[in-house]
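Visitor: I would like to learn how to read a structure like this one. Could you take me through some features, step by step?

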Amino acid sequence: MEFLAGSLLELITQTSTNLPPDVRAAMGIAAANETPGTQSDQAFNIILSNIDMATDDEGPICQDTGMPTFIVRTPVGVNQIRIKKAIQEAVTEATRLGKLRPNSVDSITGKNSGNNLGPETPVMHFEQWEEDEIEVKLILKGGGCENKNIQYSVPCELDHLGRADRNLEGVRKCILHAVWQAQGQGCAPGVVGVCIGSDRSHGYELAKEQLFRTLDDVNPDPRLATLEAEIMQEANKIGVGAMGFGGKQSLVGCKIGAANRLPASYFVSVAYECWAYRRLGVRLDAATGAITKWLYRDPSRPVERMAHGEGFKLTGREIVLTPPLTEAQVRALKVGDVVLINGEMWTGRDEVHAYLMKNPPPVDLHGAVLYHCGPVMLKQGDRWVVKAAGPTTSMREEPYQGDIIRKYGMRAVVGKGGMGVKTLAALKEAGAVYLNAIGGAAQFYARTVERVLGVELMQLGIPEAMWHIRVKGFAAIVTMDANGHSLHANVEKATGEVLETLQKV
Ligand code: SF4
């Protein structure tokens, strides 16, 4: 097994940095179907460029490299304990090389292990099979989309869709609701893996397992194949659009499986996957551990370029913001404006917000831009270098953000997926804006970072620390302004109205 650790490291690296061809094809079609010049179209431009950049530089497509989940099948007689150790070694090395972000956090103390190892991380499932080779499949599903997973216990009442009964029509309603409730927070356009039946815990596992199918396969059960096709059509009428900006493309895949259930239970479990749909697999020689074949890849097809022309195009109408910002500057911004930030920003996400609720900030935040981001950072010599730096889901900070803006005077918050009414009220009162960056575009945004100027609160771990960065040409869209307008509220309302037209009986 001399090649095992190296093969697993290659699997992790490729999964994190190079999207498989079925996902590229689906994203290419979705982008081409979007209306040119819309905000969703701009989001697609950045996403497609980002996919190319990640492949070119072997950098993580998204800074959130998720919960590494390995599905391993071995011939009888192969030592699974050895494979488990090799996976742990490969995960540690991939983290050291910046292909994975340190994502394993002690749930009691909040301490990040720093190497992606810890109780139940990474996730590994083993089973035996009758073949001679070892098969290892890997999915890296990030926290933003994981938080939008949803489970329905049917019958139930659904917003805008009415009652969902215990039949395929009820399942249809649940899946459409799942796409709608995710809005942009799971980095749409997404893919849904669905399990009808089973129990609560296994139902979620089976829903995630559906994400190991290819996007272009056909469900062997004709009833489910019909339902998948119907969902694809209807979900793309709802109008969530890329990043929840409103648009034609909300979903690029729907994969449904069914499992037997208890007579009393009827669960519909939905695993919502973002556009950064990172899953690959390999076949390994059982004696040496060498890769004999890649799964989800076609060796005869070269890696397809995604961006067209120059990728994200500037129109000349962008508004340049150079922090620190004044109240007058931000009050002049309107929902829909595209901004380019040139200058200094601070990152801050869950732990920073918890810290700021109890302690004064370690730096002056008046006029500052706070970036909801947990970057991948590597130390090279005595300098920190950004390896991936896209936005994280802002909604998690909704309970705190308004108070922190009022107290410490930031003028802009950058994140993705939008925020709620509490933050909107604070933006209006204090004179600040919410800027939506493009979720998952970690390479695109990493390239806007000219320099890492420093770091505060490093005791919170790399993703949670407060990084001081200087950026140039950092593009984002004003989606919540200081006049009480929110694109997210508008899209949620409009899509809810469309959902009502899909109610049937
Ligand atoms: S693309 Fe969005 S949802 Fe997916 S892992 Fe990245 S930040 Fe999370």
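Guide: Let's start with a term: a disulfide is a pair of cysteine sulfur atoms within 2.5 Å. Such a pair is joined by a covalent bond. The model here is predicted, so local features need pLDDT of at least 70 and side-chain atom pairs count only at pLDDT 80 or more, while totals for chains, interfaces and linings use all residues. Residues are numbered from 1 along each chain as its sequence is written, and side-chain values use heavy atoms, leaving out hydrogens and water.

Visitor: How many disulfides does a search of the whole structure find?

Guide: The search finds zero. Take C174: its nearest cysteine sulfur belongs to C156 and is 4.6 Å away.

Visitor: Is C174 buried or exposed?

Guide: Buried means under 20% relative accessible area, exposed over 50%, and partly exposed in between, with a 1.4 Å probe and protein chains only. C174 is buried because its relative accessibility is 0%. C187, at 7%, is buried too.

Visitor: Which residues are closest to the ligand?

Guide: Near means that a heavy atom lies within 4 Å. Of the 13 residues surrounding the ligand, the closest are C62, C145, C187, C274 and R278.

Visitor: Where is Y277?

Guide: Y277 sits in the loop between β9 (267-273) and β10 (278-284); strands are DSSP E runs of at least two residues, numbered from the N terminus. Y277 counts as buried, at 1% relative accessibility. A polar atom of the Y277 side chain lies 2.5 Å from the backbone oxygen of L211.

Conventions
Helix = DSSP H or I, 4+ residues; strand = E, 2+ residues; numbered from the N terminus. Polar contact = N/O pair within 3.5 Å; in protein donor to acceptor, adjacent residues only side chain to side chain.
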